[in-house]
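Me: I am new to this structure and would like to go through it slowly. Could you take me through its sheet and then its pocket?

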Amino acid sequence: MTFSTRLKEEITEYNSSLIEKRAELSAILRYDSKIEKDKISITSENAKIARRIYTSLKEVFGINIKIIIRNQKRFRIKQIYILEIKEKVKDILEALYIYDNGKKIRANESYYEAFDEKVSYLKGAFLSIGSINDPSTSGYHLEFIFLTKLDADFLRKILKGIKIESKVLKRNNRYMTYIKSAEAISDVIKLFKANNSLFYFEDIRIYRDHKNMVNRLNNCEIANQEKTTQTGLKQKEEIEFLKQNHLFDLLEENTKTVLEYRYKYPESSYSELSEIITLETDYKIGKSGINHHFIKMKKLIEKHKNHL
């Protein structure tokens with residue numbers, strides 16, 4: 001079972017109020033039903049989702065619903081659940097803000113003003129046309145696929161109304177409203193009250209964030225080590241230049257000591273070099289002191305080159 005399916009099934013276990021069920025049904029029937037003159041058909045491959053839609057319709061509208069179960073034999077045998085509504089079709093479509101006077105109307109934010117209604121509408125859209133990547137196998141991605149840009153834009157407004165940022169993208173002849181931010185996806189799952197899915201998502205997210213942080217620190221450490229080595233080797237060349245040009249003896253004894261140790265340990269950092277010199281000689285010195293002596297060395301080299 002995919003993470004997307006597990007999340008949807010967990011959503012079906014949460015008991016909503018009648019107002020929330022109405023908003024949820026509004027999204028499901030708008031985006032994933034076949035509407036005819038005297039009949040509405042809703043098809044689902046998931047028994048739990050089909051049962052939730054059936055129960056919600058019964059509770060909200062008090063109607064009889066016909067259930068048809070078919071076996072689909074493409075690739076593997078699986079059951080398809082078809083819910084057929086033939087009672088109060090006009091009343092249902094108008095109550096769910098899908099039709100008005102026999103004509104289909106656009107979804108409008110004013111129909112779902114309360115926060116819980118927006119969340120329920122989002123929940124219905126996810127159950128019918130939404131999917132989410134498993135965070136353990138790929139990147140963070142939550143999407144909804146629509147036939148029209150108007151519908152995709154409307155869901156983006158619903159998400160924005162509950163402080164979730166999303167984007168709309170055209171994919172072939174469809175439109176996709178999607179979220180890439182791990183934090184935003186986590187917030188959506190939290191709003192769905194799917195705690196098991198949330199814990200799973202957050203565990204993976206924490207693990208991946210920790211792994212990325214360790215990798216960044218390792219990369220930073222490697223980069224720093226490379227920079228230290230390059231600096232040390234360059235300074236070793238400069239020390240050789242001083243000796244070849246009889247300039248080394250012009251330096252103070254402490255500076256000569258530091259340069260001799262640098263020549264001996266070209267790959268050491270300033271901190272490591274200061275510790276070695278302090279332990280092996282009577283000269284106690286820190287990082288800033290090390291740097292001060294190298295500045296003296298550079299000034300002597302520049303002065304010599306300027307007189308050439």
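**Sheet and pocket**

Reply: In this predicted model, four strands form an open sheet with antiparallel pairing, and their order is β1-β2-β4-β3.

Me: Which strands stand at the edges of the sheet?

Reply: The order of the open sheet runs β1-β2-β4-β3. Two of these strands have a single partner strand each, so one side of each is left without a neighbour in the sheet, and these edge strands are β1 (33-35) and β3 (65-72).

Me: Over how many bridges do β1 and β2 pair, and which residue in β2 stands opposite lysine 34?

Reply: The pairing of β1 with β2 is in the antiparallel sense and extends over three bridges. The residue in β2 that stands opposite lysine 34 is serine 41.

Me: What angle does the direction of α3 make with that of β4?

Reply: The helix α3 packs on the sheet, where it touches β2, β3 and β4. Between the direction of α3 and that of β4 the angle is about 15 degrees.

Me: How much space lies in the largest pocket, and which residues lie nearest its centre?

Reply: The space in the largest pocket comes to about 500 Å³. Its lining is made up of 23 residues, and by class these are seven nonpolar, nine polar and seven charged. Among the elements that give two or more residues to this lining are β2 (40-44) and α3 (47-61). Nearest the centre of the pocket lie Thr5, Ser44, Glu45, Asn46 and Ile49.

Conventions: Residues are numbered from 1 along each chain as its sequence is written. This is a predicted model: local features need pLDDT of at least 70, side-chain atom pairs count only at pLDDT 80 or more; totals for chains, interfaces and linings use all residues. Side-chain values use heavy atoms; hydrogens and water are left out. On a 1 Å grid over the protein atoms alone, a cavity is a set of points where a 1.4 Å probe fits but cannot get out, and a pocket is an open set with protein on both sides within 12 Å along at least five of seven lines; lining residues have an atom within 4 Å of a point. Grid points are joined across faces, edges and corners, and a volume is the space filled by probe spheres set on the points. Ala, Val, Leu, Ile, Met, Phe, Trp, Tyr, Cys and Pro count as nonpolar, Asp, Glu, Lys and Arg as charged, and the others, Gly among them, as polar. Two strands pair if DSSP finds at least two bridges between them. Contact means heavy atoms within 4.5 Å. Axes are lines fitted to C-alpha atoms, for helices over the stretch in contact, and angles run from 0 to 180 degrees between N-to-C directions.
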